[in-house]
Amino acid sequence: MPDPLTAPAGDPGSFGGLLGSYVPQPGVADELFDATGAIRPVWRPFLEHLGRIDAEGVAMRFDRGTQYLRDAGVYYRKYGAEAASERDWPLSPIPVLLSQEEWTEIAAGLIARADLLEQVVADLYGENRLLAEGHLPAELIAQNPAWLRPMVGVKPASGHFLNFIAFEVGRAPSGQWWVLGDRTDAPSGAGFALENRIATSRTFPNFYARANVHRLAGFFQAFRDTLVGQRQDRDEPLALLTPGQMNDVYFEHAYLARYLGMLLVEGEDLTVDQGQLKVRSVNGLRPISVLWRRLDAEFCDPLELNEASTLGTAGFVDVVRRGGVSCVNALGAGVLETRAMLAFLPKISRALTGAPLALPNIATWWCGQAAERAHVLAHRDKMMISSAYATRLPYDDPGGTSGPEDYSAEGSARVAKLLEDRGGDLVGQEIVTLSTTPVWKDGKLAPRPMSLRIFLARTATGWRVMPGGYARVASRNNASAIAMQAGGSVSDVWVVSDSPVPRPSLMPAPSGDPGGLNSAYSLPSRAADNLFWLGRYIERAEGAMRAYRAYYGLISAGVEPDADLPDFILRAFLNSTGRDPVALSEGFQSALEAAVDCAARIRDQVSVDGMLALKDLLKASRKLRANPIAVEEAAAAVGILLRKLTGFSGLVHENMYRSAGWRFMSAGMSVERASTMCAILARVLDPDAPDGALDLALELGDSTMAHRARFLRSVSPDSLRQILALDPDNPRAVGYHLGRLKSHIDALPQTRRSPGLSPVARAALQVHTDLAVQVPDTLTPDRLRILQRQIWTLSDLLAATYLT
């Protein structure tokens, strides 16, 4: 076999059989081969590297990239007929490689297009010269749902309508790149491009380290610095607005917020106060003057845009109108995404710039004009007919697109009538023939259709193009299978230079004045509320697990299930009268499900390791319920869950930054543990409690060893009160947690804004003092129940002060 370094450029056998079955499709451009059938030079070093790796090594490398994505918790939400579910991120491990020379040409064309789109949208919401001079039909704009009438005449605070945009780009059979669609409202994918890059670089670490592949971090840093400079006050946080956890790309929103140091906010987190947009934070209302909007524009304000929206903020448009907030992108910019706009951009480009489009878009005809309608009908076999106002790409929206599949006379008559009756609502677009790129299939490379999504960010020096991005790749030889919802995958895109490239850190330190950093108390109240309840649910799950283990520990030791102590556990702590281990696990499983739900709502606040640990716990608890086990194995099985739960708690306390978020989670744990321990002590100290109840309390409080270390005698009511109620050094004692609660509340804002203590600080001091002055004899069951109610009152005050 020829040496791979010296083999002829067009010899597929020089790559160890990788290309043995790789057959480019006739009439289709291919990213791997040029028009002459030779391998493109930019691919040769990568193929040579891949060809030297045996099958086992390739599988190991691909698994490494996939494992990174799983460990990082990367997912997308797939919608089905009945429900939505989280799916693993579908990475295709083979990157798409483009030369620096070709990329420079693409980038220049997209920058020119971005400038043109800025002029168009500024005119549509300003002078309307394009309509007055006949470059755009008035009905196409007036009837367009993406054109927002309330925004007419409103100039963006930043001075630009477009700040962060994306283009869907494909290669034509001729080799020419063309634009398939413009993404100008709230384009997605930039955060996923980062994760794709990390996963792919770990798949091919040795090759990537020495390849001259342009890095992505500098693009994001430049954009973030631009946003920082647009704030009206240097102490304001930057915010990213998300529709919430049920959005299909919510992971990306949380990831970008963490990566760029922004607050992740939902519509309910924001309010309009004195003409300003403000976030409800644990430090009161805080102004927001720069907002990266990842919520579609029409849902941003139920008062002036979409009255059915439950995702937006009432009064949002008025703040924008007053110049109080700079949006990325401007509300209404999504009008540029509609398919019919592609029909007029070539003409508009000549009118506004005197030149054709630097990068053409796919041929599009608006059927509201007689000549264009006739052309579409005459060439129906080469057309996709769809809504003029749709914003998704034709191959992403098969349900809303009519293709040439029916050539019968009846079909042609039906299309002719459709065009005649609803021509103004329809466009005809030339059928997209996408270029193919290599994917790994059955141990070899195979061609599949793909498109590129390329991102542009406006910076202080003009547009900056992300050097790469991501490719969407079809799961079969059909462009309709390119969307992830249809089974498509994604690939990293490498822009390869002939010379060394700058290598900024993927996680660069914030540059400039420390005043650009977010306050520790910018935490939205919604996020604090979820963190608080996350702490409570975790502690609740632990308590249920310990009661479960205690019950089955007794049964496996030979105690009859209907004996006094097992029955006491069931009635008092598990709220169950069943004897089935599966049924008894409901308590901690429901608590874990609630904990995971809280964490999912605030992914920007919960570490990747923490989220994975929670999901692992829930998975294990569901397995315990679904698979009945022997009685003697039940205690050991839940013991494993307890150790996993302890690991999560350790992760929180050892790794989580001591921010307001940590304080609220820790406070939730303390509220739950202190109140639950009061209830346990009140029950076991009751005169009617069965024999063994005191030892049971030590077991439930995980304090058997602590009691032995402190007291040289068996457990008694007084020693139990000391170790589980009054001891300030026992992390299972009520006194310990009331002290911790007080310290957390004292450290929070708003506690000392007026003379004297705030109500919540006063309540924390009161309940802590009430316990501190007690002696064992005075801690009767009734007094413990009163103490429990005081803790609940303190929890309500904490919520009223910070969480609502």
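**Questions on charges and strands in a predicted model**

Student: Why is glutamate 102 called buried?

Tutor: Its relative accessible area is 18%, and buried means under 20%, exposed over 50%, and partly exposed in between (1.4 Å probe, protein chains only). Glutamate 102 is therefore buried. This is a predicted model in which local features need pLDDT of at least 70 and side-chain atom pairs count only at pLDDT 80 or more, while totals for chains, interfaces and linings use all residues. Residues are numbered from 1 along each chain as its sequence is written, and side-chain values use heavy atoms, with hydrogens and water left out.

Student: How do you know that glutamate 102 and arginine 171 form a salt bridge?

Tutor: The term requires a side-chain nitrogen of Lys or Arg within 4 Å of a carboxyl oxygen of Asp or Glu. Between arginine 171 and glutamate 102 the N to O distance is 2.8 Å, and the pair meets the criterion. Arginine 171 belongs to strand β4 (residues 164-171) and glutamate 102 to helix α3 (residues 100-124), so the pair ties together parts that are 69 residues apart in sequence. Helices (H or I, at least four residues) and strands (E, at least two) are DSSP runs, numbered from the N terminus. Arginine 171 is also buried, with a relative accessible area of 2%.

Student: What makes arginine 721 and aspartate 718 a salt bridge, and where do they lie?

Tutor: Their closest N and O atoms are 3.0 Å apart, and the pair counts as a salt bridge. Both residues are in helix α23 (residues 717-726), 3 residues apart, or about one helical turn. Arginine 721 is buried at 11%, whereas aspartate 718 is partly exposed at 33%.

Student: Why are lysine 742 and aspartate 746 called partly exposed?

Tutor: Lysine 742 has a relative accessible area of 22% and aspartate 746 one of 28%, so each value falls in the partly exposed range. These two residues also form a salt bridge, with closest N and O atoms 2.9 Å apart. They are 4 residues apart in helix α24 (residues 734-747), about one turn of the helix. In total, the structure holds 36 salt bridges. Some residues are linked in a network of these bridges: Glu539, Glu542, Arg546, Arg673, Asp702 and Arg732.

Student: What makes Glu560, Asp562, Asp564 and Asp691 a negative surface patch?

Tutor: Patches are made of residues with over 30% relative accessible area and no salt bridge, like charges being joined within 9 Å and nonpolar side chains within 5 Å. Asp and Glu count as negative, and these four residues form such a patch. Aspartate 691 has 75% relative accessibility and counts as exposed. It is placed in the loop between α20 (660-684) and α21 (693-700).

Student: How do you know that β20 is largely enclosed?

Tutor: In strand β20 (residues 468-473), 6 of the 6 residues are buried, so the rest of the structure largely encloses it.

Student: Why is β20 said to pair with β18 and β21?

Tutor: Two strands pair if DSSP finds at least two bridges between them. Strand β18 (residues 444-459) is joined to β20 by 4 bridges, and β20 to strand β21 (residues 489-496) by 6. Each of these pairs runs antiparallel. Serine 451 has arginine 472 in β20 as its bridge partner, and glycine 469 stands opposite valine 493 in β21.

How values were computed:
Areas by Shrake-Rupley, 256 points an atom, 1.4 Å probe, with all protein chains shown as cover. Charge placed at Lys NZ, Arg CZ, Asp CG, Glu CD.
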